[in-house]
Amino acid sequence: MVAGAWERHGVCGYDLSGQRLWQDRSRTNVEVVTALAGGRVAVTYLRRATRVLEAASGEEVRSLRGALQVFALRPDVSLAVGSDWCRLLDRSLDPLGSRISTSGRGGFVSAATDGEHLAVAEIGGRCASSTPTGGSGRGWPSTSVTSSTTP
């Protein structure tokens with residue numbers, strides 16, 4: 001299943017043969033579509049909450065308020081990014097630990113995790129480092145963030 005986004009035509013879902021499965025023209029101003037675990041996609045919009053859709057049907061299953069970007073880091077972990085924060089999410093998109101404060105000056109370019117730490121690259125932001133308090137108890141006893149600014 002492949003999901004595509006075009007501002008004029010909304011969001012469409014296709015099978016791997018190229019056959020269109022669904023189209024939602026009401027979902028305009030799409031910025032990014034990110035594949036997530038469990039046959040879902042995150043659709044990030046300009047000036048609207050990020051929505052999570054079933055990739056095969058286009059049915060909305062969840063809203064991620066405040067999330068401006070979503071990165072699929074591993075099959076069981078995603079990263080939601082807000083204007084001045086980021087937060088790790090589990091496979092069900094529930095929070096893992098606390099929000100991590102970021103510079104808020106630029107968008108994230110990429111992110112990666114080794115299961116205990118998070119590394120992000122920001123555009124135009126200052127490098128930030130923080131260790132949120134209170135582990136999640138789900139294999140993330142403490143999460144540290146290391147950011148690097150890209151030119």
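Student: Let's start with the sheets. In what order do the strands of the open sheet of four strands run?

Tutor: In this predicted model, the order is E8-E9-E10-E11, and the pairing is antiparallel.

Student: And which strands are at the edges?

Tutor: The edge strands are strand E8, which covers 69–74, and E11, and each of them pairs on one side only.

Student: By how much are neighbouring strands of this sheet turned against each other?

Tutor: On average, and with direction ignored, neighbouring strands of this sheet are turned by 20° against each other.

Student: What about E10 and E11, over how many bridges do they pair?

Tutor: E10 and E11 pair over four bridges in the antiparallel sense, and if you want a place to look, Leu89 has Pro95 in E11 as its bridge partner.

Student: What holds paired strands together in general?

Tutor: Strands of a sheet pair through backbone hydrogen bonds, and the pairing can be parallel or antiparallel.

Student: Moving on, what do E12 and E13 form?

Tutor: They form a hairpin with three residues between the two strands, and Gly115 in the turn has a positive phi of about 100°. Strand E12 takes in residues 108–113 and strand E13 residues 117–123, and the two pair in the antiparallel sense over five bridges. Within this pair, Ala111 stands opposite Val120 in E13.

Student: New topic: how many salt bridges does the structure hold?

Tutor: The structure holds three salt bridges. One of them joins the side chains of Asp94 and Arg62, at 3.2 Å from N to O.

Student: Where do Asp94 and Arg62 lie?

Tutor: Asp94 lies in the loop between strand E10 (85–90) and strand E11 (95–101), whereas Arg62 lies in strand E7 (residues 60–64), so the pair ties together parts that are 32 residues apart in sequence.

Student: How accessible are Asp94 and Arg62?

Tutor: Asp94 counts as partly exposed, at 30% relative accessibility, and Arg62 counts as partly exposed too, at 28%.

Student: Which residue does Arg74 form a salt bridge with?

Tutor: Arg74 forms a salt bridge with Asp76, and their closest N and O atoms are 3.1 Å apart. Arg74 is partly exposed with a relative accessible area of 30%, while Asp76 is partly exposed with a value of 35%.

Student: And which residue does Arg51 meet in a salt bridge?

Tutor: The side chain of Arg51 meets that of Glu60, with 3.7 Å from N to O. Glu60 is partly exposed, its relative accessible area being 35%.

Student: What is Thr44 in contact with, leaving aside its neighbours within four places in sequence?

Tutor: Thr44 is in contact with several residues, including Asn29, Val30, Glu31 and Val32, and also Thr50, Leu68, Gln69 and Val70.

Student: Last topic, the rings. How many aromatic pairs does the count come to?

Tutor: The count comes to zero aromatic pairs.

Student: Then which rings have the charged end of Arg48 or Arg99 over them?

Tutor: The charged end of Arg48 sits over the ring of Tyr45, at 4.4 Å from the ring centre, and the charged end of Arg99 sits over the ring of Trp85, at 4.0 Å from its centre.

Note on methods. Residues numbered from 1 in each chain as written. Predicted model: local features only at pLDDT ≥ 70, side-chain atom pairs only at ≥ 80, totals over all residues. Heavy atoms only, no water. Contact = heavy atoms within 4.5 Å. Salt bridge = Lys/Arg side-chain N within 4 Å of Asp/Glu carboxyl O. Buried < 20%, exposed > 50% of the residue type's maximum accessible area, 1.4 Å probe, protein only. Pairing = 2+ DSSP bridges. Axes fitted to C-alpha atoms, helices over the stretch in contact; angles between N-to-C directions. Phe/Tyr/Trp six-rings, centres within 6.5 Å; stacked < 30°, edge-to-face > 60°. Lys NZ or Arg CZ within 6 Å of the ring centre and 35° of its normal.
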